[in-house]
Amino acid sequence: MDNYEQLKADNKWLKKQVKQLATYNSDLEKELEFAQATIQRLKEANRETINI
């Protein structure tokens, strides 16, 4: 395999990796949003408990 073919193969692999990482990043962002919302609900519930 010459350099050009190797570069094409590497580029194809890198594009696939970028796509997978973008999907993983999106999933992590969703999990972070859920965790932040959960923390907020817990803080509010804690405030209500303290005020009882």
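Me: In which helix is the place of Leu42?
Reply: Leu42 sits in helix H1. A helix here is a DSSP run of H or I with at least four residues, and a strand is an E run of at least two, numbered from the N terminus. This is a predicted model, where local features need pLDDT of at least 70, side-chain atom pairs count only at pLDDT 80 or more, and totals for chains, interfaces and linings use all residues. Residues are numbered from 1 along each chain as its sequence is written, and side-chain values use heavy atoms, leaving out hydrogens and water.

Me: How many helices and strands are there in the protein chain?
Reply: One helix and zero strands. Helix H1 covers residues 3-51, with Tyr24 in it.

Me: Why is Leu42 called exposed?
Reply: Its relative accessible area is 56%. The label needs over 50%, while buried means under 20% and partly exposed is in between (1.4 Å probe, protein chains only). So Leu42 counts as exposed at 56%, and Tyr24 is exposed as well, at 51%.

Me: And why does Glu29 count as partly exposed?
Reply: Glu29 has 43% relative accessibility, so it goes in the partly exposed class. Asn11 is at 39%, so it gets the partly exposed label too.

Me: What share of the 52 residues is buried?
Reply: 0% of them. The protein chain exposes about 5,200 Å², with 58% supplied by carbon and sulfur atoms; the areas are Shrake-Rupley values with a 1.4 Å probe, and for residues only the protein chains shown count as cover.

Me: How do you know what the overall shape of the protein chain is, next to a compact globule?
Reply: A compact globule of 52 residues would have a radius of gyration near 10 Å, but this chain has 22 Å. That radius is taken over C-alpha atoms, and the globule rule is 2.2 Å times the number of residues to the power 0.38. Along the principal axes, the C-alpha atoms fill a box of roughly 75 × 10 × 10 Å.
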